[in-house]
Amino acid sequence: MTGPDLLVAGGEVVVEGRRQRADVEVTGGRISGVVAAGTGRGAERVDAAGLWVLPGMVDLHVHLRDPGAPHKETFATGTAAAAHGGVTTVADMPNTVPPLLTADDFARKVVAAAPQASVDHLLWAGAARPAEFPAFADQGALGVKVFLAGPEQGRQYGSDLSIGDDGRLLEVLAAARDCGLPVAVHLANPAIERVWRASWRGRGLHELRTQIIDESRLDKVEAAGRVLLLAEHTGAHVHLVHISAAALPLVARARARGVRVTVESFAPFTSTDDFDRLGVMVYDRYRRPDEVAELWRAMATGEIDTIASDHAPHTWDEKLAGDRDVLTGASGYPELDTIYPMLIDRVLDGHLDLVRMLEIAALRPARLAGIAGRKGAVAVGRDADLVLVDPRGSWTVRAAECASRAGWTPFEGRPLRGRIEQVLLRGRPPAPGRGTFLAPDRQEQAGNQRGERS
């Protein structure tokens, strides 16, 4: 009888919420044993003494720009960036060119991604055509994405994906409920945005410094209340992405009423204190320091379910447009290379507990996606998606060392504690074509949509 083909020996592992030294045995790409340090077996041995052996991050919100914008990113470059940063599973958003709106679009994307992908991946579908939802569910879509955006934002998110009418939103939620699909929601109120952005046109980011720092969260809070009300009425599961701290009390009250809602935060690595230094690089991620602190607090307590990069690569020229006219500048920044290392740094700085960080970055996202039988933890039966980290090591972020095609990072020159030494996807180094498409386990996914939260 043959034994395990790989042994990751003597590292520190989180097992059922506890940190301990252990040997991790891998057979056929899956973890076949997590045993006492010094007792494991394997035909090939990786010495992990002194290292953390972490699960690969599961990032449910990335924009790989494929198809349609290969000058920004492709499935090949974006998943290479993920692998470089220890993100072994990504979920791509549908606002591509053309957008992913039909079952045929979905099938083409699955096929096109296969030879390119260095990590495993799921796909969100666009929510604009509810008649397509049964096919999306059959094809293995993670869920459907709603952009509550109007003409002002249509340039970036695509008018075919935007849903600004509450009647249409009600239809989307009901159809998604019937098909067992979660609905990811980009919160916005186009009418409110038109009012407070009316004077911004033709003016650059730094000219509008005070207004942007004081930007109202009214539209996000109003939209959250509206979406939660419609979710309560329909029984649909809504997943509120890049949540505003001001909307968290609404979420808490909705959960108390039994509304099926999960929430995601981006990683708030910057605040308005960084405005003058970082400028257009992180527009529109600026939040006041008290809001940033509230997001971290809610992640630490479990009020926020998942953290995601919202990886949004643009060329530097597209970002610089915001210096001339903030409404034409692209929002977001590339982050797949850096999000997991920066979370690890935050753990080592004592600002976030390792166990909690792994819950919001790996375990809970896997549960929400219906893939926790394979992903999200170092445990028997899971894929051997392992990230070996030297907690005593350090390094400096350099765009030249990142794999994203964007070619820049707002964190250039930032020193970080903890250094990723090795990344494994199912027990092997990630490489183009090795990543596979994942379909959710709908029963598992439905259980977590009901609010079965750790």
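Predicted model: local features only at pLDDT ≥ 70, side-chain atom pairs only at ≥ 80, totals over all residues.

Biologist: Got it. How many salt bridges does the count come to?

Modeller: The count comes to 30 salt bridges. One of them joins aspartate 105 to arginine 108, with the closest N and O atoms 2.7 Å apart.

Biologist: Where do aspartate 105 and arginine 108 lie?

Modeller: Both sit in helix α2, which covers residues 103-113. They are three residues apart, or about one turn of the helix.

Biologist: Is aspartate 105 buried or exposed? And what about arginine 108?

Modeller: Aspartate 105 has a relative accessible area of 17%, so it's buried, the cut-off being under 20%. Arginine 108 comes out at 53%, so it counts as exposed, since that takes over 50%.

Biologist: OK, what about glutamate 294 and arginine 297?

Modeller: Their side chains meet in a salt bridge too, at 2.8 Å from N to O. Both belong to helix α11 (residues 289-301), again three residues apart, about one turn of the helix. Glutamate 294 is partly exposed at 26%, and arginine 297 is partly exposed at 34%.

Biologist: Which residue does aspartate 349 form a salt bridge with?

Modeller: Arginine 417, and the closest N and O atoms there are 3.4 Å apart. That pair links distant parts of the chain, 68 residues apart. Aspartate 349 is in the loop between α13 (339-348) and α14 (354-369), while arginine 417 is in strand β15 (residues 415-424). Aspartate 349 is partly exposed at 40% relative accessibility, and arginine 417 is partly exposed at 39%.

Biologist: Which residues do salt bridges with shared partners join into one network?

Modeller: Arg30, Asp120, Arg374, Lys375, Asp383, Asp385 and Arg426.

Biologist: Nice. Switching to strands: how many residues of β9 are buried?

Modeller: Five of its five, across residues 143-147.

Biologist: And how does β9 pair with strand β8?

Modeller: In the parallel sense, over three bridges, with β8 spanning residues 120-126. Alanine 125 has valine 144 in β9 as its bridge partner. Between the two strands the chain passes through helix α3 (residues 133-139), and this β-α-β crossover is right-handed.

Biologist: What about β9 and strand β10?

Modeller: Those two are parallel as well, with four bridges, and β10 covers residues 183-186. Look for phenylalanine 147, which stands opposite histidine 186 in β10.

Definitions and conventions: Residues numbered from 1 in each chain as written. Heavy atoms only, no water. Salt bridge = Lys/Arg side-chain N within 4 Å of Asp/Glu carboxyl O. Buried < 20%, exposed > 50% of the residue type's maximum accessible area, 1.4 Å probe, protein only. Pairing = 2+ DSSP bridges. Right-handed = clockwise from strand over helix to strand, strands pointing away.
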